[in-house]
Structures are given as structure tokens and as C-alpha cells.
Amino acid sequence: MPFQYSTDCAVASFFIKLLNLILYSNLWIALAAVATTAQTFLLLKDKIDQPNFLIFVCASTLFIYAVHRIVGLQKVKPFQSKGRYLVISTFKSHIIIYAIVAGITAFVCFWKLQRAVQLSLVVPSVVALAYVLPMLAGKKRLRDIHFVKIFLVAIVWAWVGVILPVLQIEQNLDASVWWMVAERALFIFAITLPFDIRDLKIDEHANVQTIPAKIGVQRSKRLAFLALVGTLICSYQNVMLGTYSSLNWWALALSAASTGILIFFSDRKMHDYYFTALLDGTIIFQFLLVVLLEI
């Protein structure tokens, strides 16, 4: 029995370390970025045959989020002794290495992208860097400006997840694409609100006003539900335009419903895995639903 207990503890410890590696090395969110861009290819009935593009998306996301982790540690010193910040601070040197490797990979892949994609990356790249680096007056980041960060996250993710793949396959930016942009931005907005609920104390410490701090937790959840309804309205417009099939809409509806359940139960006292693994994972789950219902 003692041997079995010791073995079980060792297995559990290994699993937790592996999970922490996937989540806090930013690999999970990078895979989510790949999933949302691949989803756009599928919905536009294009083959996912863009390895350089997908590697670029993965590497650049990994780089931005790694830099965000490193810089963000300086802003949350009172919280570094517990939770996710303890894990991140413990593996700070590893995250720096990941950032360097990812940055070099993204730089190499960038030069193989379509020229239109390269040009369209200028603004979101500057925004993303200003979001994570203290480039503003008073050593502030864009995310330190009241109410700004959630909208920046939604817009940049929609741009990377929809506009870039559309430009990569040289398709016109027609009405169906802009409905898709709105759909994706609303979805990201909905799943980001619970993160602001989780970070209320941290944002209060940083003197940053967010939507949950202004209107409260319950109203923020209701706003997230409205955003999910908005995603379904936008996706239905693409059904009417003939861009989406009815199965595509049902995949997105199932995604919205399951995401809504997660948002309903989100709370500041939930373990960070609930947010970083499950809520971020809804992006990957949505892609898988689109794939499965297409088979």
C-alpha cells in the first residue's frame, strides 16, 4: 500500500508538472491561435494546407504571450508567492528561452507569408507589443489603460484568426468575412470577461478599471451571454449568405452553449486551470466541433 500511494503521488505530480508546462509555457494558447485560424480555412471551404502560416501564428502567439508573462511578473509582485504566478516565476528562465525560440521562428516564417499578410500585420503587431511592453508614458502598457484590454484582445484575435488567413489564401474581404470577424471578436470578448472577473484583485492593485469592476460580476456574465448570442446571429448571417452550412452553424451553436455553461460557473474562487485550461480551451473545442460536424 505505501508503494502504491507513492506511485500514485509520483504520477499525479508528473501530470501536474506536464499540465503546468502546457498551460504556462503558453503552448496551450498558441495552439488555440492555430485552431482559430485553421477554423477560418475550414469555414471558407479551403484546405488547411498552410504549414508556414500556421507555424507563424503559433510562434508569434507564443512569443507575445511569453513576453507578456515575463513583463507582467513585475506588475504583480505581491501575488508571486501563490497560484499561477508562483509557477510562472519559478519557470521564468524557461519562458524566456521559449520567447527567444518562438520569436526567431516567427521572424523566419514571416518572410514566407503573402505580402498582403505581411503588411496587414504591422498594426496588430504594434498593438500587441504595446499591450505587453511598457511603451506608453509612465511606463504603462495598453492593457493598463482603463477598459481597453478586453477590446484589444477581441480585435487582435479576430484579426489574426480571420483576416490574416483570408489574405493568405487571397480571398476578397467581402461581407461574409466581416460577419466572421464580428462573430470571432464577440466570442473572444465573451470568454475574456471571466478572466477579468478572476483578476479583479490584481487589476485593482494595478489601478486598472475593467468591466467587471465597473458593473459587477453577475452583469458581466450576462454581458458575456449576450456576446455569445451575438456570435450566433453573426454566424447565421453567413448561413444566409451561403458561406456556412447549417452544420457549421450547429457546431458554433454547440460551442456557444458549452462556453455559456463555463461562463455561468466561472468565479474568482475557481482554480486557475478552470480559466487557463477550460475557457481558453473553448477556442480549440470550437474548432474541433466544426471539424467533427464536417466529417
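Predicted model: local features only at pLDDT ≥ 70, side-chain atom pairs only at ≥ 80, totals over all residues.

Modeller: In the protein chain, 72% of the contacts between residues at least 6 apart in sequence join residues at least 24 apart.

Biologist: What makes up the secondary structure of the protein chain?

Modeller: It comes to 14 helices and zero strands.

Biologist: How do you know whether the radius of gyration agrees with that of a compact globule?

Modeller: Set the value against the rule. For 295 residues the rule gives a radius near 19 Å, and the protein chain has 19 Å, so the two agree. Along the principal axes, the C-alpha trace spans about 60 × 45 × 40 Å.

Biologist: What share of the residues is buried?

Modeller: Buried residues make up 49% of the 295. The accessible surface comes to about 14,900 Å², and 71% of that belongs to carbon and sulfur atoms.

Biologist: How far apart are the mean positions of the positive and negative charges?

Modeller: They are 10 Å apart, for 25 positive and 15 negative charges.

Biologist: Now the rings. How many aromatic pairs does the structure hold?

Modeller: The structure holds 10 aromatic pairs. One of them is Phe56 with Phe110.

Biologist: Why is the pair of Phe56 and Phe110 called tilted?

Modeller: Their centres are 6.3 Å apart, and the cut-off for a pair is 6.5 Å, so they pair. Their planes meet at 45°. Stacked needs under 30 degrees and edge-to-face over 60, so this pair is tilted.

Biologist: What parts does this pair tie together?

Modeller: Phe56 lies in helix α3 (residues 51–73) and Phe110 in helix α5 (residues 92–110), so the parts tied together are 54 residues apart in sequence. Ring pairs also link Phe56, Phe107, Phe110 and Trp111 into a cluster.

Biologist: Does Phe56 count as buried or exposed, and why?

Modeller: Its relative accessibility is 6%. Buried means under 20%, so Phe56 counts as buried.

Modeller: For another ring pair, take Trp249 and Trp250, with 5.2 Å centre to centre and 85° between the planes. Over 60 degrees counts as edge-to-face, so that is the label here.

Biologist: Why does Trp250 count as exposed?

Modeller: Its relative accessibility is 51%. Exposed means over 50%, so Trp250 qualifies.

Biologist: And Trp249: where does it lie, and what is it in contact with?

Modeller: Trp249 lies in helix α13 (residues 246–265). Leaving aside neighbours within four places in sequence, Trp249 is in contact with Leu232, Ser235, Tyr236 and Val239.

Biologist: Why does His68 count as buried?

Modeller: His68, in helix α3, has 19% relative accessibility. The cut-off is under 20%, so His68 counts as buried. Beyond neighbours within four places, His68 is in contact with Tyr131, Val132, Arg141 and Arg143.

Biologist: Which residues of helix α7 are buried, and what covers them?

Modeller: Pro124, Ala128, Ala130, Tyr131 and Val132 are the buried residues of α7 (residues 122–132). Their cover includes α3, α6 (115–120) and α8 (149–168).

Biologist: What makes Ile155 exposed?

Modeller: Ile155 is in helix α8. Its relative accessible area is 54%, and over 50% means exposed, so the label holds. Ile155 and Arg184 are 29 residues apart in sequence and 8.8 Å apart in space, C-alpha to C-alpha.

Conventions: Residues numbered from 1 in each chain as written. Heavy atoms only, no water. Helix = DSSP H or I, 4+ residues; strand = E, 2+ residues; numbered from the N terminus. Rg over C-alpha atoms; globule rule 2.2 N^0.38 Å. Buried < 20%, exposed > 50% of the residue type's maximum accessible area, 1.4 Å probe, protein only. Contact = heavy atoms within 4.5 Å. Areas by Shrake-Rupley, 256 points an atom, 1.4 Å probe, with all protein chains shown as cover. Lys, Arg positive; Asp, Glu negative; His and termini not counted. Charge placed at Lys NZ, Arg CZ, Asp CG, Glu CD. Phe/Tyr/Trp six-rings, centres within 6.5 Å; stacked < 30°, edge-to-face > 60°.
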